[in-house]
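Trainee: May we go through this structure together, setting each value against the rule behind it?

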Amino acid sequence: MNRRALVLPLVVLISATGLLTKGAIEERTAQTEPLVATPIIAAPAPPSSAPSRKQTGGPDDRLAWDIQRLADPATGTIPDDIHRREQIFAAKLPTWQRSAALDRPGNVAAADKLLGWQYRGPWNIGGRTRALAFDISDPTFDTLLAGGISGGMWRTTNDGASWALTTGSSQLHAVSSVAQDVRPGHENVWYYGTGEIRGNSAAGGGAPFRGDGVFKSTDNGLSWSLLPSTNGGDVTVFTGEWQYVHRLAVDTSETVDDEIYAAVYGFIERSTDGGATWTRVLGDAVTQSRYTDVVVSSTGVVYASLSREGGTHGVFRSTDGITWADITPAGLTGYNRIVMALAPSDESILYYLVSDYNSSADEGFFKYQYLSGDGSGPGGFSWDRSAQMLGLPGPGADEPMECYSSYCQAVTVNPVNPEHVYIGGIHLLRSTDGFATNGTDRWIGGWQYADHHADQHWLVFQPGSSVVAYSGSDGGVHRTDNITASTVAWSSLSNGYNTSQFYAVAIDENLPGSDVLIGGMQDNGTWFTSNTNATQPWIEALGGDGSYCAVADASGAVGTYMVSVQNGVVYRMGLDNATGALSSWTRVDPLGGGAYLFINPLMVNPNDTRQLYVASNNGVWRNSDVTAIPLWSNDATSQNWVQLTTVPGASVTALAMTRGANPSLYYGSASGDMYRLNNADTAPAGSAPTLLNMGFDWPVGGYVAGIAIHPTDNNKMLVAVSNYNVSSLFYSDDAGTSWTAVEGNLAGAAGPSARTVAILPVDGTDIFLVGTSTGLYSTFTLAGAGTIWSEESPDLMGNVVVDQLATREADGLIVAGTHGKGVYSLSLQGISAVGNELPRSAMALSQNVPNPFNPMTRIRFELPSAGQTHLVVYDVAGREVRTLVNGDLAAGEHTFSWNGADDAGRQVSAGVYLYHLRSGVVDEVRRMTLVR
């Protein structure tokens, strides 16, 4: 959960709550050429004593939302082991070799028009990283392996300048731990474990990210194969053990056997043949621990931990990996996950960080030193340093250590100094006396730390160095050249480390040819790009957990964007359409709007992008002109808001609107209801919507996750229900009067969860798209239960979660936001209702003035040479409205006016219109808004 807010270069005054002060706002508005900083998103304060770990905007809110949208309505739970079962199910589905639009029967000409699926980025943003290690066989130490819990295993040979994915497309991308066999002659052998029991939203709440055992590489991490001995067996049953591999550790002291330990669900497993076979050496078969950990010293001494709920629990020591001594200190009576680290320069010293210390909401911390014998009783001594965890330095005042009940938890010891210890939770902290006192600790990374990221999972030192260190967090991989410095400086190494987890993506749906794209990510905020080159850095617009977003207007120099964070906070932003530079912002969500979903839907009216619609548990709210809300406020507002409709007893979960005059708003709820409100742009507050009859197959209590309306035929729509074990896809061709289930071959007990849908006309044929928990699927023919869906981009995107789609009919653009592998797009360059391809030229066409306008606007353009010229106005569906110029014009500047009438002299309705200029090499399109 990212609580960092990017602050651009200026000093921002903030209050104790993290909001801009009145004085700062007044100073800001008085500037002639103002400096701009992003708004500060206040984070929830960590709990001090409450036993509940639930945090507003934290992993527990995300978990509750995931359960709500994914659980089987009949049971209230997510089907057991569904993530792995649906992956196996997906492997049997048909795929398109290139894309549906290329490979459909009889298609030839379109092949020359299509570029195929492309990775769009973000090149410079990493995701949740649980595994990180150096390849010690590389003397330059430029080779590292990093594992994303939903992004797979990655490898760099140039210190993070670029990365290559080494996980196979059919292998589970749920990496939780990695270990190299560093013995001479064995360095080519690596292992990675899979599965995460807490925290990953791609898996969904009660369906944790179960893994598929341990994978092994014998070619130095270039390729991997599953160890058959760790395969979970019957995938329909929770087998525990190998579905959650918390940590792997190789015994490097062994000269004969290939000895490796695995800390798995409930047990410590030991193998002496490189993972071919395993033996349980610690744990209780009847009552198992959820969390385990294991570390091995250079001399073969093994330490292990098991969480308190297991029949065997605590901290243990063994010299042979078979016989164990309990070294749990008497004062440690309750605990969740325990993570451990040996001091490399003195392996008699062990440190361990404890979540839910003594069944409280606090974290515990211990130092243990081996003295003699088996290390138990008088053979070892433990220091309880948990009191120091209550007051550690942070971005503001001192605060308690926070690991979110094991969501983010790490400990590392400096290679040359056993008293220099580093612990990670939300923050990364350093102590020079092993956290014996609070006077020697320092905040060195994490939430709100410059050029770093919240939620720490791993810290590793460059071999041979005690100052160069690398961190793995929810923001990817970062490096520091001096972790001992008074102020630690970090640099991101997420250059093509494609593990970012998108909840939402948005494009300007009315502006053909626009490359502008924004997206909101788990833990990483909302970012912007206007470049199709995937290696170009994206620009951050707002921190927090990036949620729903919208591009209201990407024409002109500065565009209007709607950006939201977790729990329904929405900002209107002015961003440079070329660079993403921030020029203005203000908060715009409705005052008194009610409760919001963790990732809460919003949309702009495609016919009048000044109108904003926001979902809540109190129905749908409408803002009649969001552009009129004053700048520089961090507070919710009542200006121009009305509560348009109500929904009894359930949150609104999806929104969609028809195009053209008198638009209808369709929306769904968390209780499985679908509604339509006619004339939604002008309907009064408190309007009563029509409850749609969804038919016999419609799942009672389902979660409506996505609604797609055909861009040129308002009668056609496709709806997705995201719960497991229900009919998930429904189609109507009569504006919602009747519905047909069209899940087809995606149906079944192991079928995927449908997250998002789209309809896009391609060469006169409709292509239907559904983003699911196992990838993106498409079809040209909806045939009820006989519908055949085929996977798009099986090699590039693969079976990754696709949480949201954005499409543009005017130029055939499809954008897919994945939860774990970034963003992809398909550009249908030859398909355009406004004309064929719209090549860019020198900017000859200016923005109309005024805009918005009523009743008249002026359009100015400059021609580089004389010639035949066409200036035509279209509606957003691509239909010609008015021809303003059709003839020869001289070179130079020209101005024409439009009075809002069509070619027959009839006044057209309010909304968004396109004006298209063609003359010689000039071929440009801009957008304007007519108001009534």
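Mentor: The discussion below takes up the chain as a whole, then its sheets, a helix, its cysteines and a pocket.

Mentor: This is a predicted model, in which local features need pLDDT of at least 70 and side-chain atom pairs count only at pLDDT 80 or more, while totals for chains, interfaces and linings use all residues. Residues are numbered from 1 along each chain as its sequence is written, and side-chain values use heavy atoms, with hydrogens and water left out.

Trainee: How many helices and strands are there in the protein chain?

Mentor: The protein chain has four helices and 62 strands. Both are DSSP runs numbered from the N terminus: helices are H or I of at least four residues, strands are E of at least two.

Trainee: Why is valine 925 called buried?

Mentor: Buried means under 20% relative accessible area, exposed over 50%, and partly exposed in between, with a 1.4 Å probe and protein chains only. Valine 925 has a relative accessible area of 15%, so this residue is buried. Valine 925 belongs to strand E62 (residues 922-930). Of the 932 residues in the protein chain, 64% are buried.

Trainee: What makes helix H3 mostly covered?

Mentor: Helix H3 (residues 82-90) has nine residues, and eight of them are buried. Among them are Ile82, Phe89 and Ala90. The buried residues of H3 pack against E10 and strand E52 (775-779), where contact means heavy atoms within 4.5 Å.

Trainee: Which residues form the covered face of strand E57, and which the uncovered one?

Mentor: In strand E57 (residues 857-863), Thr857, Ile859, Phe861 and Leu863 form the covered face, and Arg858, Arg860 and Glu862 the uncovered one.

Trainee: How do you know that E57 pairs with strand E60?

Mentor: Two strands pair if DSSP finds at least two bridges between them. Seven bridges join E57 to strand E60 (residues 892-898), and the two run antiparallel. Arginine 860 stands opposite threonine 895 in E60.

Trainee: What makes E42 and E45 edge strands?

Mentor: Four strands form an open sheet in the order E42-E43-E44-E45, with antiparallel pairing. Strand E42 (652-657) and strand E45 (690-691) each pair on one side only, and they are the edge strands. Within this sheet, strand E43 (residues 665-669) and strand E44 (residues 674-677) are joined by four bridges, and tyrosine 667 stands opposite tyrosine 675 in E44.

Trainee: How do you know that cysteine 403 is in no disulfide?

Mentor: A disulfide is a covalent bond between the sulfur atoms of two cysteines. The rule applied here asks for a pair of cysteine sulfur atoms within 2.5 Å, and by this rule the count comes to zero disulfides. For cysteine 403, the nearest cysteine sulfur, that of cysteine 408, is 5.8 Å away. Cysteine 403 has a relative accessible area of 0%, so this residue is buried. Cysteine 549, with a relative accessible area of 6%, is therefore buried.

Trainee: Which residues lie nearest the centre of the largest pocket?

Mentor: Arg247, Val296, Pro344, Trp458 and Val460 lie nearest its centre, out of 48 residues in the lining. Strands that each supply at least two lining residues include strand E10 (241-250), strand E14 (292-296) and strand E26 (456-461).

Key
On a 1 Å grid over the protein atoms alone, a cavity is a set of points where a 1.4 Å probe fits but cannot get out, and a pocket is an open set with protein on both sides within 12 Å along at least five of seven lines; lining residues have an atom within 4 Å of a point.
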